[in-house]
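Me: Please take a close look at the sheet in this model. Tell me how it is built and what packs on it.

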Amino acid sequence: MKPSYGRLVLCRHGESLWNRENRFTGWTDVDLSPAGEQEASRAGRLLRGAGLVPDVAHTSVLTRAVRTLSLMLAELECSGIKVHQSWRLNERHYGALQGLNKAETMERHGKAQVKIWRRSYAVPPPALEPDDPRHPRHEARYADVDAPPAAESLSDTLDRVQPYWASHIAPDVEAGRCTLVSAHGNSLRALVKLLENISDDDIVKLEIPTGAPLLYEFGPGFAAQSRRYVGEVQ
């Protein structure tokens with residue numbers, strides 16, 4: 001008999017205050033903008049309309065992802081489900097770029113260099129110094145993390161996301177649960193790369209919009225069989 005896998009829904013958090021200000025955010029813990037709150041609630045309504053009520057949820061430890069999940073679950077009227085939080089689902093760490101305006105950074109360093117920092121697969125941006133107050137080693141929530149990053153490439157992000165996928169998310173889906181993940185542009189890119197075996201060159205071109213639930217269904221061998229945004233025209 002063919003195994004009956006659960007469905008997986010990936011959702012990038014709604015627009016954040018720094019998204020609106022066009023600033024590099026990374027691990028900086030900023031909240032949703034009013035528009036982002038609306039996006040998160042709409043995502044919950046889309047899931048409800050599609051009958052995609054999660055059995056379990058996973059999120060990063062950053063406020064914008066946690067609040068997005070909370071707003072979705074409120075619309076779904078299932079705030080009592082089990083929610084797992086992990087730093088491994090955090091956004092890519094943008095190092096010394098965090099807090100800087102993207103347009104001003106391009107004026108200072110040139111578009112070509114900033115594009116490498118933002119879009120290359122394996123080149124990280126400039127790292128934070130250990131004594132920089134923005135370094136996660138100074139935050140209590142990361143006290144148990146061995147060598148928290150000072151900057152990350154997308155490749156680095158995938159390296160920390162992959163073990164969490166294997167140990168937490170994949171077992172939920174394999175067990176037949178409808179599994180909801182609220183995370184970030186780059187941690188979700190990492191998951192998509194794992195699910196679809198997308199090349200290093202192509203994954204950096206993938207755009208994941210804010211507040212748009214992305215549904216995966218699985219076939220034999222636990223292979224991702226289909227992918228679509230919830231609510232899009234079939």
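Reply: Start with a helix. In this predicted model, helix α6 (residues 154-174) lies across β1, β2 (56-59), β3, β4 (179-183) and β5. The direction of α6 is at about 155° to β2. Helix α7 packs on the sheet too, where it touches β1, β4, β5 and β6. Its direction makes about 150° with that of β1.

Now the sheet itself. Six strands make it up, and the sheet is open. The order is β3-β2-β4-β1-β5-β6, with mixed pairing. The edges belong to β3 (82-85) and β6 (223-229). Each has a single partner strand, so one side of each lacks a neighbour in the sheet. On average, neighbouring strands are turned by 20° against each other, direction ignored.

Strands β1 (residues 8-12) and β5 (residues 214-219) run antiparallel and pair over three bridges. Here leucine 10 stands opposite leucine 214 of β5. In general, strands of a sheet pair through backbone hydrogen bonds, either parallel or antiparallel.

A search of the whole structure finds one cavity of 30 Å³ or more. The largest cavity has a volume of about 30 Å³. Its lining consists of Arg92, Arg118, Arg119, Ser120, Leu154, Asn186, Arg189 and Val204. The elements giving two or more residues to this lining are α5 and α7 (185-196). By class, the lining has two nonpolar, two polar and four charged residues.

Key: Residues numbered from 1 in each chain as written. Predicted model: local features only at pLDDT ≥ 70, side-chain atom pairs only at ≥ 80, totals over all residues. Heavy atoms only, no water. 1 Å grid on protein atoms, 1.4 Å probe; cavity = no way out; pocket = protein on both sides within 12 Å on 5 of 7 lines; lining within 4 Å. Points joined across faces, edges and corners; volume = space filled by probe spheres on them. Helix = DSSP H or I, 4+ residues; strand = E, 2+ residues; numbered from the N terminus. Nonpolar A, V, L, I, M, F, W, Y, C, P; charged D, E, K, R; others polar. Pairing = 2+ DSSP bridges. Axes fitted to C-alpha atoms, helices over the stretch in contact; angles between N-to-C directions. Contact = heavy atoms within 4.5 Å.
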